[in-house]
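Subject: Structure for you to look at

Hi,

Here is the structure I promised, with the sequence alongside. Please open it first, then read my notes below.

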Amino acid sequence: MKYIIALLLTLGINTAQAEAIATMPNNANGKIVLTNEICKFKGKVYDSLRRAYNYTEQGYTSEGCYAIEDETVVVVWDSGNKMRYPAANFTLTNRGKNI
């Protein structure tokens, strides 16, 4: 668990190119996606937060900002809802590497 959190923090802060770093299935048969992009919301930049987004099976999507806190991923969605997800529920992405 601590390994996942440390890796999320390292990947999120030290990567120059914007990309997805972790995903988690959501209840709408889509995913929550964590990126390493600095979060921008309504014209304001939040240097200490990173961009998250989610999508549903039907293609609906939301944007948000996230941070890691106490083995959880805290996301504030553009709707204003603040949610906490266990970090262990996220899977690190392949990051563009061929298998």
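Accessible areas here come from the Shrake-Rupley method with a 1.4 Å probe. On that basis, the protein chain exposes about 6,400 Å² of surface, and carbon and sulfur atoms hold 52% of that area. Bear in mind that this is a predicted model.

Fold first. Starting at the N terminus, the order is α-β-β-β-β-β-β-β. Of the 99 residues, 31% are buried. Among contacts with a separation of 6 or more, 34% join residues 24 or more positions apart.

Next, the core. The largest nonpolar core has 13 residues. The members that touch the most others are Leu 34, Tyr 66, Val 73, Val 75, Tyr 85 and Phe 90. At least two residues of this core come from each of strand E1 (20-25), strand E2 (31-41) and strand E5 (72-77).

Look at Tyr 85 in particular. Beyond its neighbours within four places in sequence, Tyr 85 contacts Met 24, Ile 32, Thr 72, Val 73, Val 75, Trp 77 and Phe 90.

Arg 50 sits in strand E3 (residues 44-55). Instead, the Arg 50 side chain reaches the backbone oxygen of Asp 47 at 2.9 Å.

Best wishes

Conventions. Residues numbered from 1 in each chain as written. Predicted model: local features only at pLDDT ≥ 70, side-chain atom pairs only at ≥ 80, totals over all residues. Heavy atoms only, no water. Helix = DSSP H or I, 4+ residues; strand = E, 2+ residues; numbered from the N terminus. Buried < 20%, exposed > 50% of the residue type's maximum accessible area, 1.4 Å probe, protein only. Contact = heavy atoms within 4.5 Å. Core = buried A, V, L, I, M, F, W, Y, C linked by side-chain atoms within 4.5 Å. Polar contact = N/O pair within 3.5 Å; in protein donor to acceptor, adjacent residues only side chain to side chain.
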